[in-house]
Structures are given as C-alpha cells and as structure tokens.
Amino acid sequence: MGTTASQLGKELLSEYQELTFLTKQEILLAHKRFTELLTREEKDIPNVRVPMERILTLPELKSNPFRKRICYVFSTSEHKDGSLTFEDFLDLLSAFSDSATMEIKSHYAFRIFDFDDDGTLDSDDLQKLVNCLTGETDDTQLTFEEMKQLISNILEESDIDKDGTVNLSEFQHVISRSPDFVSSFKIVL
Amino acid sequence: MSRDNLIISDNDTDVQVDFPAEDQTSQEDNAHENKRRRKADGKERKKRAIKTGRASSIEDTEEHTQKHNRKRNGSKNHKHDKEKDQAKKYQNNKEEEGEIKRKAAKSKKNLKNEQTKKKEQDSEKSGTKKRSKEKKRKDSAEKDTKEKEKAKKKKKVIETSSEPESSEEENEEEEEEEDVVRPETLTPEELEKLKEAVEDRKKLIQGLRGKPWPMKKKLVTLKESQMFVEKYEGALGKGKGRKFYAYKVMMTKKWLKFKRDFENFKTACIPWEMKIKEIESHFGSSVASYFLFLRWMYGINMILFGLTFGLVMVPEALMGHPYGSLPRKTVPRPEEGSAMDFAVLWDFGGYAQYSVLFYGYYNNQRAIGWLKYRLPLSYFLVGVGTVAYSYMVVIRTMARNANEGGIGDDNSFNFSWKTFTSWDYLIGNPETADNKFASITTSFKEAILEEQESRKDDNIHLTRFLRVLANFLVLCCLAGSGYLIYFVVRRSQKFTLDGLENHSWWERNEVNMVMSLLGMFCPMLFDVISSLENYHPRVALQWQLGRIFALFLGNLYTFIIALMDEINVKREEEKIVRYNITMWEASLYNGTLSENSTAPPITVHPADVPRGPCWETMVGQEFVRLIISDTMTTYITLLIGDFFRAVLVRFLNYCWCWDLEAGFPSYSEFDVSGNVLGLIFNQGMIWMGAFYAPCLPALNVLRLHVSMYLQCWAVMCCNVPQERVFKASGSNNFYMAMLLVILFLSTLPAIYTIVSIPPSFDCGPFSGKNRMFDVIQETLESDFPAWFGKVFSYASNPGLVLPFILLMVLAIYYLQSTSKSYKQANMELKKKLQTQNEENKKKNKKAALKAAMDLEEARKAATQAAQLQAKHKPPSQQYENIEWDHEQRRYHRRDVRHQPTRGSRPPHHQEATGHLPGAPAQPRMHRSSNVPKH
C-alpha cells in the first residue's frame with residue numbers, strides 16, 4: 001500500500017478524491033488493481049492505456065453483458081478502441097460507486113445503453129439492450145414477436161414526446177422513479 | 001451543428017455552462033498576455049485595433065453560427081436566461097460604481113448586451129461604436145484600471161457573444177484578475193463581487209465530481225479553479241478583516257480536509273464492509289442485503305449489550321455482595337457436587353445459574369457500593385430502555401425505508417424499469433450472471449404475457465381446490481407443531497419435577513431440540529405444499545414467508561404459554577416453600593422472629609438455607625437454552641446442509657452415475673428469506689428474555705459475530721447463486737415490518753409478567769416487593785423531594801391520564817389526516833408537473849419546428865461555409881483542448897454523418913435529436929471537428 005501511495009502522489013490523490021466519489025482507500029485499491037493489469041514495460045510509462053481486452057479480464061466486469069459498452073463509454077482513446085487510462089478507470093469506478101448521484105449514474109447508463117452513440121435510444125438500441133439482458137443463448141432469447149411487443153411497450157411508457165426514441169431526459173425521468181436503479185448500478189472492486 | 005444549437009434540454013445546461021470556459025480561458029490568457037505586453041509598450045491604440053481585428057475576425061468566421069445562436073437564444077431555456085440576467089446585472093452594478101460621465105457608455109452597453117442576444121448585426125455595430133467611444137475616452141481620461149477593465153469587458157462581450165453561457169464567468173474572472181493586482185483600488189461592492197466569484201468557483205469545485213466529464217477535463221478545471229480561488233481568496237478583505245478572512249479560509253480548508261479524512265476513516269471503520277462487498281459482487285444485491293441486515297442487527301445488539309452490561313452486570317459484579325455471601329448468590333448444598341459439571345454448566349445450571357448472568361443473583365439492596373448505585377432501579381430502567389430503544393430504531397429505519405421506497409410505488413414504467421434497471425452491475429460471477437439472464441428473460445416473458453392478458457386459466461376449479469387443500473395442510477402442520485411443543489414443554493416440566501439427573505440427554509433438551517427441528521423441517525414441508533398451489537413465484541415467496549412466520553410465531557407463543565403454566569406451578573411451589581421456610585426458621589431460632597436479622601444468634605451457611613424456586617431465573621434459563629440450541633442447529637445445518645453437501649457433490653461427482661452438480665442434490669442456494677426470518681425470531685427471543693437473563697444480548701452479539709464469519713465463509717465456498725434472483729429493495733421494509741411485529745409480540749409477554757406477576761420473594765432485585773415496577777415508586781418516595789412524589793401521584797391520576805391519552809389519540813388522528821392530505825397534494829403536484837412537462841415539450845417542439853423552417857434556407861450556406869473553412873483553416877492548438885471530451889466528439893461525428901442528408905430530413909426528427917445530452921453550444925468546434933475526424 002505504501003508504495004502505491006507514493007506512486008500516485010499525495011496531491012494527485014487528493015485531487016482524485018475531490019473529483020470522484022471514491023474514498024482514498026478505494027482509489028488506492030483501484031490503482032493497485034489497475035497496475036496489476038499492466039505489463040512490466042508499461043509500468044513505467046505515464047498515462048498508459050490498457051486495451052479493452054485486458055480490462056475485461058477483471059472479474060467485476062467479466063460477466064457483465066454491457067462490459068464492452070462500459071469500456072467504450074469511459075474510454076477517452078482517440079481510436080475508439082475502448083482502452084482505458086487510469087483516470088478513465090477512476091471515472092468508471094466513480095460513476096459506479098456507492099455515493100455517486102442519480103444524475104451521473106443515469107447519464108452514464110444512458111450512454112452505455114446508447115449502442116450506436118447517436119444520443120437517443122431508438123428501437124435498434126433497445127433491441128440490442130434486451131438481447132444483452134437475456135443473454136446470448138438461444139433458449140433465453142426472446143422471439144421476434146415478443147421483442148416487438150416489448151419494445152413497443154417500452155416506448156409507449158418512456159417515450160413521452162412520441163418521436164419513436166427515448167432521449168436522455170426521458171430516460172432520466174423513467175430511471176429516477178425506479179426503486180432499485182441506484183442500488184444495482186454499482187461496481188465495487 | 002446548428003441543429004444541436006437549436007434546442008438544449010434542461011439536463012445539459014450544467015454541462016454547457018462551464019465547458020467553453022476552458023478553451024476560452026486559454027484564448028483569454030493569450031489575449032491577456034498580449035495586452036499586458038502592449039500596455040507596457042504604451043501602445044494602447046494599436047492594441048485596441050488588434051483586438052478589434054481579432055474580435056471581428058472571429059465574428060466573421062462565425063457569422064453563420066452566430067445567427068443560429070441568436071435563434072437559440074430566443075428558444076433557450078430559462079436557466080440560461082437567468083445566467084445571462086445575472087451577468088447583465090453584474091455588469092450593470094459595475095457600471096454604477098463608475099463616474100456619471102460614463103453614463104452614456106453604460107446605457108449603450110446595456111443596450112448592447114441585449115442586442116447581442118437579439119441581433120447579431122446590431123451587436124457588431126454597437127461593439128464598434130463602443131470601441132470608438134472608448135478610444136476617445138482613453139485618450140482624454142486618466143488611464144485607471146477600471147477603464148481598462150471595461151474596455152476588456154466590452155471586447156469580451158463581442159468575442160463571447162457566440163457563447164453567452166461562458167461569457168459571464170469569464171468576464172468575472174478577468175475583472176477579478178485586474179482588481180486584485182491592486183486591491184487598494186477596490187470598492188466594497190467589488191469586493192463583494194469578488195467574494196461571490198470565489199464562492200462560485202468553490203461551488204464549482206465541489207460540484208465537479210458530479211459532472212459527467214472525463215477525468216482530464218475535470219482535473220484541468222479543478223486546477224484552474226483552485227488557482228483562481230487561491231490567488232484571490234487571500235487578497236480579499238482589508239487590514240484586519242483581510243487577515244481574518246485569510247484565517248477563515250485557511251480554517252475552512254483544514255476543516256474540509258479533516259472532514260474528508262474523517263469520512264475515509266468512517267468508511268474504513270465499518271465492519272465487514274469488504275466481506276459484504278465481495279459477496280455482493282458474487283451473488284448480487286439480494287444476498288448481500290441479508291448480510292447488511294445481519295450487520296445492522298449486530299449494531300443494535302451491541303447497544304443492548306452495552307446497556308445491560310455497563311449498567312447492570314458490571315455494577316453488580318463489582319459493587320454488589322460477592323458470591324457466597326447470600327443464599328441467592330450461592331449454589332445450594334444438594335447441587336454443589338455437580339455445579340461445576342460441564343453438562344450442568346452447558347444447561348446454564350450450577351455456577352452459571354448463580355451468577356450475574358441471571359435475574360436471581362441480583363440483590364434487592366436499594367443502593368450498592370460506594371457509589372450508592374441504585375441497582376434495582378437501574379435494572380428496571382435498563383429493561384424498559386432496551387425495549388424502548390429497539391422500538392425507536394426499528395420504527396426509524398422503517399420510516400427511512402418507506403421514504404426511499406415511496407418513489408417506486410407507481411407502476412407506470414414496468415417495462416422500462418425491467419429493461420433499464422434490471423441488470424445488477426454488481427454481479428461478478430458467471431453463474432449468477434447466467435441465472436440473472438434467465439430470470440430477466442422469464443420476467444420479460446411474464447410481463448408480456450400479463451400485458452397481453454392471454455393467460456389461459458386451465459381448470460380454475462382444480463387450482464382453487466389445490467390451494468384450499470394446501471392451506472388446509474399448512475394449517476394442520478401449524479396446529480401439529482403447536483401441539484407438539486406444548487406437549488413437550490409439559491413433559492419436560494414433569495421431568496424437571498422428577499429431577500433432571502434421572503433422564504437422558506434427549507429428555508432434558510427435548511423442548512429446544514423439538515423447536516429447532518420444527519423450525520428446520522416445517523419450512524421444507526411448506527415448500528413442498530406450496531408447489532401444489534401454482535402461484536407466481538413472487539406470490540409464492542410471500543405465502544411461504546407468511547407461513548414460516550406463522551409457524552415460528554405459533555411455536556414461540558406455545559412455548560410462552562407452556563412457560564406461563566410453569567411459572568404458575570413454580571409460584572405454587574413457592575408458597576409451600578415460603579411456609580416451610582418460616583417453619584424452618586422458627587425451628588432454627590427456636591421461636592425467635594425471623595425478621596430479627598440484625599443479630600442472628602446462629603449463623604447458617606447460605607448454601608444450606610432453603611430457597612424458593614425463583615421462576616424468573618427459570619424463564620431466563622429457558623430462553624438462554626433456546627438461543628443456544630437455536631444457534632447450534634443453525635450452525636450444524638450450515639455445516640451439514642451446505643458444507644458437507646457441497647463437498648459430497650463436488651467429490652462424488654467424479655464417480656457417480658449422474659451429474660450431481662447439475663442434477664438432484666446439487667449445491668445449496670443461499671436462502672435469504674429463511675435466514676432473515678431466523679434472524680428476526682432470534683432477535684424476538686432476545687427481546688423477550690433479556691429482562692430475566694441480562695446475559696442474553698451478550699450471547700446474541702457473540703452469536704451474530706460468529707454467524708457473520710461463518711455464513712460469509714459458507715456462502716462464498718459452498719453456495720450457488722439463487723435461481724430466482726429477487727430484488728433487495730422490495731423486501732427490505734417487509735422484513736422490517738416483521739421485525740416490528742415480532743418486537744411487539746415479544747415485549748407483550750415480558751411486560752405482562754413484569755406487570756401482573758409478583759416477583760419471587762427471595763431472589764432478584766425486586767424481591768420483597770409486591771410488583772416489579774414498585775421500584776419506581778420507592779425511588780420517588782425516598783430519593784426525590786416530597787413535592788415531586790406528589791406531582792407524580794397527581795400526574796398518574798386517572799383524571800389526568802385519560803384526557804392525556806385522548807389528546808394523544810386526537811394528535812395521531814390529526815397527523816394522520818394531514819399526512820393524507822399532503823399525500824394527495826403531492827399526487828396533484830405530480831400530475832401538474834407531468835402535464836406541464838408535456839406542454840413544455842409541445843411548445844419546444846413547435847419552436848423547434850419553426851426554427852428548423854427558418855434554418856432550412858440558411859443551412860446549406862452554413863454547411864458550405866463550414867466546410868470551406870474546415871478546408872482552409874487547420875485546427876489550431878486551442879481547439880485541441882476540446883478533443884478529450886469524447887462526448888462532444890460523438891456529436892461531431894454524428895453531425896458530420898448527417899450533413900449530407902440534412903436537407904432531406906423531416907424537421908420532426910431533427911427536433912428529436914435536438915434533445916441531446918451535453919450538446920455542444922460551440923460553433924467553433926464544428927469547424928475543428930470536421931477536419932481530423934473524417
């Protein structure tokens with residue numbers, strides 16, 4: 001622990017505490033876990049990016065059906081490859097932390113569900129979302145009719161302005177009334 | 001781009017407010033530096049010219065976007081307007097401080113401010129006017145800082161007219177910078193402004209973590225703001241005030257740091273946090289909710305333990321008469337031989353019975369030790385206090401839970417919630433994930449089926465018959481178990497009368513064993529029976545819980561009733577013993593009065609003194625035994641049912657004819673509801689028995705502590721995730737309600753015994769009194785002044801108590817009705833909000849449509865111009881700053897993608913995409929983004 005603390009730097013650490021919803025211990029733990037993902041050569045490079053494949057080996061993300069989306073959303077990479085720097089990683093953990101606000105959680109949830117990155121959840125997005133939720137195997141997936149019915153029901157409920165898509169404000173409106181969103185939208189290291 | 005500028009939804013204001021600040025500042029800094037250098041040279045005019053050129057060049061390049069901006073300003077939401085108003089006001093204030101000769105300039109400026117929002121051309125014009133005017137002024141007037149400031153402000157207004165959100169902040173900052181260079185020149189109002197700006201920055205810093213930006217951007221903003229705050233915070237105030245202010249600032253900083261450290265410390269101090277989080281990540285939130293409940297229970301028991309231990313047990317042990325000094329504190333002669341045997345101690349007989357652990361050991365001496373500690377009073381008050389505290393905590397938690405759960409009561413977003421919030425992101429175990437997939441699929445299918453209302457009711461009569469049959473069977477089970485317990489308790493009384501030594505281990509522990517076994521097997525039976533009923537799993541779970549609850553409750557109450565019988569038997573016995581004792585004493589003293597205790601002529605060893613049966617200790621012992629056996633059964637079932645089963649399944653699977661892991665025995669699931677119920681009943685027994693056995697809370701703390709580790713281990717090593725994954729949130733208050741019911745039901749018999757049965761004559765702190773609560777009266781009479789007792793007796797007069805109760809009932813009624821009306825008002829407000837939202841949406845739509853129409857013709861030219869510029873102008877350094885915000889990038893991408901098809905798109909659709917999160921309001925980025933990306 002002592003070595004990680006010195007690696008991070010006191011000032012940076014306090015800045016991270018200021019900027020995330022994480023406590024000092026959590027940041028240090030995150031740093032430890034993150035450096036474990038690095039190869040030997042990479043450890044010396046500042047602001048190194050860890051490719052998505054390696055991030056996804058984390059047990060916390062491994063069985064999450066949205067793992068790739070999460071990486072894409074939090075990645076600041078130029079190439080859109082879902083690779084994360086340590087700061088991106090902290091952003092991720094902060095948004096998924098216990099004390100993060102409903103606003104920030106719902107914002108990121110929206111972006112995770114927005115598969116084509118166009119700023120709205122249209123029926124394609126919803127279809128992908130439902131497929132993610134029901135798993136890849138054929139016996140759990142919904143039939144075409146069920147899917148159609150489901151999506152039309154979802155849109156009927158949440159698409160307030162009836163434009164065929166769910167936008168962020170509609171999404172947040174729906175989410176903010178849900179009793180268990182905040183408690184389930186969490187990832188802890 | 002322009003489309004994005006058209007409408008901004010409410011949510012993204014916060015994103016926008018500060019975003020442009022960044023590149024703006026870099027730009028601004030450059031400008032600033034330039035300016036200073038030039039100022040040193042003394043070439044004011046040239047500088048102005050350059051500035052003007054610069055500003056106008058920017059304006060030129062952004063002509064089309066500004067047009068759009070202007071329109072957006074019209075349809076912009078009120079938040080921005082407010083900000084702008086503030087900016088205006090701020091500027092106005094500044095002007096007012098100035099000399100009267102600038103009045104003309106001021107009015108023009110105000111005019112200009114409005115104009116920038118209305119008409120771009122006008123703003124341009126007024127800007128040039130301004131500049132010319134200023135030049136004149138510069139030449140004539142003395143060049144004080146304020147003027148420079150003003151000039152800059154003006155420049156800024158023009159420059160930032162494309163980003164009105166940021167202009168305000170930037171202005172402030174710039175002005176402040178100028179101000180602080182020479183703090184003496186500041187007027188009080190300016191100081192106020194400065195303070196405000198600093199406060200704003202501080203707020204920004206605090207709110208930074210709540211912004212969905214990438215870390216890099218947050219870091220830069222933080223550093224910048226911190227620098228700003230640091231730079232100007234110290235300069236605020238004058239003379240003494242200044243020092244004080246600096247001190248205050250320092251202290252707040254220290255305080256903040258301390259608070260943060262303390263928060264860290266607090267989270268580090270929460271016991272088992274990591275363990276629970278680990279479980280949470282393996283099994284999801286529902287299993288973790290059990291452990292949270294366990295921890296909460298542990299906390300409560302810790303406090304109960306602290307109360308009984310600190311206020312009753314320790315004082316008695318330290319200051320009371322030592323062991324062996326009194327008959328009630330000594331093991332009687334016939335038991336002495338076996339008092340140290342393990343079997344006896346295990347049953348809490350022998351030395352354990354005659355110790356501080358039980359009621360009977362306590363002496364009825366009013367005050368003990370050099371502290372004159374009122375032990376009987378304290379014993380009574382602690383008994384009452386533990387119950388009162390428990391009520392308070394449970395009810396408070398329930399109220400809090402109700403508040404949290406109150407949001408989710410309307411069912412209008414059933415499908416959306418299922419889709420958007422059903423995944424538990426904590427799940428880190430592939431098996432759990434698979435189960436979750438399956439459960440989500442079934443829930444989808446169920447919901448769809450329900451929605452279609454095409455549920456085929458195959459033979460409703462059969463289902464009805466089966467359900468009635470199932471309930472009948474369950475009732476039979478309950479009655480049977482009740483009778484069994486009653487029978488066993490009565491039998492055990494017979495054994496006790498015979499003397500326990502003559503009976504086998506089973507006969508001695510029959511009651512507890514039977515109760516534990518019933519608690520173990522009846523739920524399984526219920527589970528089998530409930531498969532007859534064919535309920536929806538959720539409904540089935542509720543039935544199951546209800547039945548187990550009824551079973552436990554029935555068992556507990558049969559136990560209590562049997563115990564009551566036993567108490568009555570003991571009291572009969574006591575009467576005989578009492579009579580015998582007087583006879584014995586009479587024979588001992590040879591006719592002298594037994595009350596003559598001051599100088600007993602013959603000393604008898606306390607172990608030889610005959611004594612009553614002391615029913616209170618008996619009750620306490622029963623409860624302690626019950627708790628012990630309950631704990632043991634729990635642990636043993638855990639070991640056998642979970643651990644050995646897991647081991648067998650794991651290793652026999654190599655040489656078995658079918659797949660044990662997937663097939664019949666398989667691994668056990670963690671039964672959340674059953675475990676919670678067990679915990680609740682355990683707590684109920686604690687509450688019931690704690691008055692007669694002060695050691696019960698301590699035992700329970702020990703038990704919970706061990707449970708925590710054992711169950712954590714068992715869950716992690718030998719349980720598989722539940723197949724039906726339930727949400728934690730729905731059931732929390734259900735459990736709490738059960739806990740409250742149990743609390744009430746368990747305090748009922750305790751209170752009944754305290755109030756209506758006279759205490760034993762020769763044991764316990766209340767011996768010799770008619771009723772236990774007489775201790776209060778005694779204290780009132782002897783420890784308080786006479787008038788207090790009088791007041792108390794008046795207050796307890798039925799004539800006063802009855803009206804008081806009436807008043808309370810009335811108050812409850814009143815509060816209830818007001819809460820009802822509040823609820824109604826709340827609902828109405830909700831409805832209003834919804835309709836208003838819809839109206840707003842419609843209005844926005846209309847405005848957007850209109851704006852889109854207006855834009856149609858301008859758009860082509862705009863896009864062409866943008867593309868042209870993109871070709872001609874390479875992205876400059878200052879725009880690179882923006883690049884890290886990939887959200888922005890997203891929109892640029894989209895923007896670019898849509899550009900060719902833009903003309904053909906229906907305006908309706910464009911409006912929809914206009915509601916975008918964090919849609920950038922910056923026309924400049926449009927240009928920069930086009931180049932590198934595509």
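1. Nonpolar patch, main contributor. Helix α25(B) gives the largest share of the nonpolar patch on this predicted model, namely five residues. The patch is formed by B:F342, B:W346, B:M632, B:I636, B:L639, B:I640, B:F644 and B:W713, and lies on the surface with about 810 Å² of accessible area together. Two elements of chain B give two or more residues to the patch: α16 (342-346) and α25 (615-652).

2. B:I640 sits in helix α25 of chain B. The relative accessible area of B:I640 is 51%, and the cut-off for exposed is over 50%, so B:I640 counts as exposed.

3. Interface size. Between them, chain B and chain A bury about 7300 Å², and carbon and sulfur atoms carry 59% of this area. On the side of chain B, the residues that lose the most area to chain A are B:R209, B:F420 and B:Y425, which together make up 13% of what that side buries. In terms of contacts, 74 residues of chain B meet 87 residues of chain A.

4. Polar terms across the interface. Five residue pairs are in polar contact between chain B and chain A, with both residues at pLDDT 80 or more. The count of salt bridges between the two chains is one. This bridge pairs A:D91 with B:K218, and their closest N and O atoms are 3.4 Å apart.

5. Elements at the interface. On the side of chain B that touches chain A, at least two residues each come from α12 (215-233), α13 (239-269), α14 (273-283), α19 (414-421), α20 (430-452), α31 (798-872), α33 (886-898) and α34 (907-914). Helix α20(B) supplies the largest share of that side, eleven residues.

6. Salt bridges in the whole model. Over all chains the count is 16 salt bridges. Within chain A, A:D98 pairs with A:K186, with the closest N and O atoms 2.9 Å apart. The pair links distant parts of the chain, 88 residues apart: A:D98 is in the loop between α7 (86-95) and α8 (102-113), and A:K186 is in the segment after α12 (181-184) of chain A. The two partners can be set side by side: A:D98 is partly exposed at 45% relative accessible area, whereas A:K186 is buried at 11%.

7. A bridge within one helix. B:E263 and B:K266 form a salt bridge in which the closest N and O atoms are 3.5 Å apart. Both belong to helix α13 of chain B, and because they are three residues apart there, about one helical turn separates them. B:E263 is partly exposed, with 41% relative accessibility, and B:K266 is also partly exposed, with 41%.

8. B:D783 forms a salt bridge with B:R366, and the closest N and O atoms are 3.0 Å apart. B:D783 lies in helix α29 (residues 774-783) and B:R366 in the loop between α17 (350-353) and α18 (375-405), so the pair ties together parts that are 417 residues apart in sequence. B:D783 is partly exposed, at 28% relative accessible area, and B:R366 is partly exposed at 28% relative accessibility. Through shared partners, salt bridges join B:R366, B:R374 and B:D783 into one network.

Key: Residues numbered from 1 in each chain as written. Chains lettered and ligands numbered in written order. Predicted model: local features only at pLDDT ≥ 70, side-chain atom pairs only at ≥ 80, totals over all residues. Heavy atoms only, no water. Patch = residues over 30% accessible without salt bridge, like charges linked within 9 Å, V, L, I, M, F, W, Y side chains within 5 Å. Areas by Shrake-Rupley, 256 points an atom, 1.4 Å probe, with all protein chains shown as cover. Salt bridge = Lys/Arg side-chain N within 4 Å of Asp/Glu carboxyl O. Helix = DSSP H or I, 4+ residues; strand = E, 2+ residues; numbered from the N terminus. Buried < 20%, exposed > 50% of the residue type's maximum accessible area, 1.4 Å probe, protein only. Contact = heavy atoms within 4.5 Å. Buried area = accessible area lost by both parts, 1.4 Å probe. Polar contact = N/O pair within 3.5 Å; in protein donor to acceptor, adjacent residues only side chain to side chain.
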